[in-house]
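This briefing is for a reader who is new to the structure.

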Amino acid sequence: MAYVNVSRDPERNLKNGYLATSLVGMGTTLVTFAKQVFGLEESNTVQWPEVEFQYSERFKGAHFLTKRPDGRVRCTACFLCATNCPAQCITIVAGESPDKGVEKYPVRFEIDILRCVFCGFCEEACPVDAIRMGPEYSMAGLAEQKWVYTKDYLLERDAVKRKVGEKQVSKKDENTKHDTVESSLPGIHTGHSEHGH
Amino acid sequence: MSNQVTLSINNQSITVPAGSTIMEAAQKLGVTVPHFCWHPGLSIAGVCRFCMVRVEGMPKLQIACNTPASEGMKVDTVSDEVKDAHKWALEFHLINHPLDCPICDQAGECELQNYYMKVGKYQSQMEDEKVLKPKALDVGDTLVLDTERCILCSRCVRFEDEVTKTSTLGIFNRGDQATIGTYKDRKIKHNYSYNLADICPVGAFTAKDFRFKCRVWFLKESKTVCPGCSTGCNVNLFQNSNQREYYRLKPRHNADVNGHWMCDTGRTMYEHLNASARLSSPLLNGESVSHQAALQAVTDAVKSISADKLAVVFTAQFTSEEYSATLKTLKATLKSAPKVFVWRDESEKIEDFDGILFRGDRNPNTRGMMDVLKEEGINPVMLKGDFSALASSGAELTLIFGPEIEVGYPNLQKALGRFIEMKKTVYFGNSLSEAAKRMWIRIPVKVFAEKNGTFVNFNGVAQKLKANAPVFPAVKSVDEYFAELGKIAQTAI
Amino acid sequence: METKVMASFFSSALNEKIKSFIGRYETKRSSILPVLHAVQDENDWISQEAVQALESEHGLSVVDVNEVLSFYTMYRKNPPKPYRLEVCGSISCWLHGADKTIAAAKAHIAEGEKNGNPVPFECHKVECLGVCGYAPVALVNKDRHLNVTPELAIKLISEYSKKELPAAAKKCASDLAARSAHQ
Amino acid sequence: MPVMNSPYNGRQPNEFKILTELEGVPNSRSLEVYKKYGGYAALEKVLKGGMSPDDVINLVKASGLRGRGGAGFPTGMKWGFVPKAPGEKYLITNFDEGEPGTYKDRYIAELNAHMLIEGKLIGAYAIGASKSYIYLRGEFYDEIAWCEKAIKEAYDAGYLGDNVMGTGFKHHMDVYIGAGAYICGEETGLISSLEGKKGQPKLKPPFPAVKGYLNKPTIVNNVETLAAVPWIIRNGPEAYKKFGTEKSAGTKLFNISGPVVRPGCYELPLGYPLKRFIYEDCGGLIGGKKLKAVIPGGASAPVLTADEIENITMDYEAFASAGTMLGSGAVIVIPEDVSMVHVLENLMHFFKDESCGQCTPCREGTGWLLKMSRDIVNGDGVPGDAEKIADVAGKMMGRTICTFSDAAAGPARSIPQKFAHEFVEFYKTKKNAVQAHG
């Protein structure tokens, strides 16, 4: 197995001397410290947890499920995320939806977040833009806490609503059905074309 | 010979009986000609126009399914011209298909998907609105119909007309409005309805029993024999091996036994295989004990009595090997054969036959069991509604080999009630029923999918079972138990 | 369950006609088209009740009948107006302005509705009626009319409207009235 | 209904009268008039003159008579395909005249349906059929009545029944009424319809001559074909062959529609020049408009441009070599002020509505072709759409059970190919400069 020797060439370090480089480093620290003391430069340090760091919008943190404009879950329980998941952390139980256009929906949708590796394959696999990974990165908790995210939790993230609130409604085209084709008798359509005697 | 013709397909020569079609010849040769409407168990419709092939000397491309093979015919199925025809035939099938694969149960075993990957025209030029048709129609207790996914291959209509002769389905309207359907509220009500979901090459007919339960790519299939009746249809059993959960059975072609089909009763033969429907560990007076302890107790009980005080009650749902091992071990232990009773359900009409596959004898191995008993020189006593023969036998220990498939025994409770009147009862079986709970010892056994063995069908065809990994690893089959029992008995001596 | 003997859905004359058609051809199934024509001639349209009656009273399968019923365009699956002006819209008639005829007839009918003075007419575009040399061709119920210009179409509508309604239309109306009263 | 103006009004009586002999004769539909003009003499010659069925078939073969329904298959040869073995056989007349532009068969019934009945009887004798049907389209109320009346007269006169003309030949005839489906004009579709099913064509093989109506040998002939048979029997095949060309013998009814001065049904010998027919016999276009295109053989025939018809003659071979077909002899004339894009859309509407829905390429393809052509008409077309229509139509051709998809592909390929510039106009302006006529 190949490995990389991380430490520098000891010869080179000896040549330059540890002290010289340490002093250069200290100098940089002191300059920065002085600048910040006198307000010449903004500090990069975030005062966690009093101040929360904002990652990029595209940060792939904890999952959430998107909704349709009418508030119902977008997910059609196709199992593609579960199939694609390398950690096998997604559990779906599908059920019959009253919607004639998309008759399948997840009765249960659970993510075992402890097993999740945040690879983002679920998001990639989703054909209907139903599962996304959001900006939430702080997921610490206690041992007795529930680590399986349920469908309700994934849909209604009160804690992070301000971050993903509007994103939770997908703008993608709906697969809707015209009322006229909901006839239960395929044999007798009324007026399917202007042809007719 | 005049009743054989030799033709060449893609320059490979093949000889078939005169009157065969190019499709049949190609199948024999192992050349796949894409097709939807052709089904070997049904008449030829020739409507999907997918199986186009080039026949030398014919001006147009021909369909392989209806063109008779003739001597010296040269058929080509792989040229660019033929491939283009396949591509476009598939494209015409797809332009009005809803492509709702994510919510379609057929996804993963859909012919449209498979052929699309093989011969598809990946860039569709269809930019117009699709034709909309009714979806998710309830067409019976077993099926859901989605007329939008339907490609109108008419296999289902032909199945209804030719196999079950019920003709419940029709194709209504014309042109691109043509729609498969039943009449108003008239549902598909026969014992072969799941075959419609099987032969449907797309997701138009989906089985309610399987609907939305599992995606097919999680399932692993194993070849086995249906234990639902004495016909012994060849089937594929589908299990999600990660979950150790069985989901469904589908027929497997065997011209000598079941042809292409199986009945709906047989389709339920996966339900009793799953953990929730089964006894998981032996019980002694209702207390869970180890297999070892239970077997020890049975051995001791057997050894403590003479052969004429031991009654053995068989049901014809075990393999021939199991009957044989049981009787041989008991004979060896007791030095003489025990009394054997055969328990048949009261309501059973053994000669019943629905004219297609399903038989009145709801046991898969009646013939095999009788053969073993004959071989062992035992003349069994029938228990059918009348249990007096057993009651008056004076048996001190009764070994009952209960039915694995309890739906075939509607009077099970009543019969078990009679058995527990006996002195000491040992019940081999997975029954969770109330009466079974009052048995002295209950020992769970492997189900048909988990054991190796033989079923002999009504016609004397012996068929081998092949074992899948068991749901409960500690549970054994009857022959394995008796091998162990024999050993315990030996060492005790 | 009704205990009294169910009266036939069809009139006795129609029943006789249906029976004669059933016996007229080599197979019973062949009679489906003529039987449906006969039912339509009397009732003006073919209701699902009639289809069921054909099965229960004459043994013609509802699936077979509905397949035929939905395949052929001449059968009316919904109650029509007493007169149907069916204008051919195929190429030859279209070249002679069939579209204008249809538009004019439809506008005339719509105007009548709006003014509270409805005419007992409906207008359809149909495919080729097979007299292409005298385009545009139109049928008013069973009467063929040639060279049906928009003016002629409107004239035809008013002429027919003045006549007594056809027997089938009357039967259709009374059947529908009876049905809604029943509900 | 009014008896139509004879298309020969204003013309000298001419020598082409085989089918239209009774034109202008008062009370022409009656049996008496028909007999006065030699009616049923041919039947008598066949039945009482000692002609065997094979003699009849050979005579018809010798005359070169070809099917007048569209395909142009030699009639005598078709009859010869019927197995000689005894058993029930059927002869069916295809009177489901529904091809846009065609109205010739009904003209025969309007003149005299006995011509058809006599021809049918001779054909039935030739193939050994004891039962025959006339399958009429349901919209032909008058024609149905005429045929029914003629059949009744023939029964009364002893030409039909268990003992035809006392010769022991048994033949029964009946009409069967369709219900509005163009596809029933296809012979196996017609047979399906006659069996009381949807008019969906049947797979071949087996061919109807071997297994047709109720799986019995069946011959389906066009009205015009059968109506020509008595004349051929009476006058001999040589007399018939004097008309027409070498390969296209005899006369044919040509029906012209579209804006011409004298539309109608004309009996002309095959091989007659198309241009002369339009401009001389039919008086040219109304208002002296310029000709843009001609659909020469009913809606399913590929179109010919005005240039292409310059020197063309009306017979099977000449049309075939021009890439189109004689079809039913229905000439549809399209004037200069009509956009071919609209013509295409109208034709595609017809084919979409009339596709039986059995074979996938046709069921889905006809709907697609209509949608695409409608898009162009509505101004939603983009360059390349015309080629796409022609391409899709090409992929439907020859891929279905019957030739309906070929019929739809005929105009769908030829119009975009020959009038590509008109499509370009539509893409550009999104509203054609030449307004749709009508």
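Domain bounds, as used here, come from an automatic or database domain assignment. The model is predicted. On that basis, chain D is divided into three parts: domain 1 (31–237), domain 2 (252–335) and domain 3 (340–429).

**Domains of chain D**

- Taken over C-alpha atoms, the centres of domain 1 of chain D and domain 3 of chain D are separated by 35 Å.
- Domain 1 of chain D puts eleven residues in contact with seven residues of domain 3 of chain D.
- On the side of domain 1 of chain D that touches domain 3 of chain D, five residues are nonpolar, four are polar and two are charged.

**Contact between chains C and D**

- Chain C gives 38 residues to this contact, and chain D gives 48 residues.
- Four helices of chain C, namely α2 (32–43), α4 (62–71), α5 (91–95) and α6 (98–114), each supply at least two residues of the side that touches chain D.
- By residue type, the side of chain C that touches chain D holds 19 nonpolar, eleven polar and eight charged residues.

**The sheet in chain B**

- Chain B has an open sheet of eight strands with mixed pairing, in the order β15-β14-β21-β20-β19-β16-β17-β18.
- Its edge strands are β15 (287–288) and β18 (381–383) of chain B, each of which pairs on one side only.
- B:F341 has B:V381 as its bridge partner in β18(B).

**Residue B:L90**

- B:L90 sits in helix α2 (residues 80–94) of chain B.
- Is B:L90 buried or exposed? B:L90 counts as buried because it has 24 C-beta neighbours inside 10 Å, and the cut-off for a buried residue is 20 or more.
- Leaving out residues up to four places away in sequence, B:L90 touches B:F50, B:Y115, B:Y116, B:V119, B:G120 and B:K121.
- B:L90 and B:F36 lie 54 residues apart in sequence, and their C-alpha atoms are 9.8 Å apart in space.

Conventions: Residues numbered from 1 in each chain as written. Chains lettered and ligands numbered in written order. Predicted model: local features only at pLDDT ≥ 70, side-chain atom pairs only at ≥ 80, totals over all residues. Pairing = 2+ DSSP bridges. Contact = placed C-beta atoms within 7 Å. Nonpolar A, V, L, I, M, F, W, Y, C, P; charged D, E, K, R; others polar. Buried ≥ 20, exposed ≤ 12 C-beta atoms within 10 Å, placed from the backbone.
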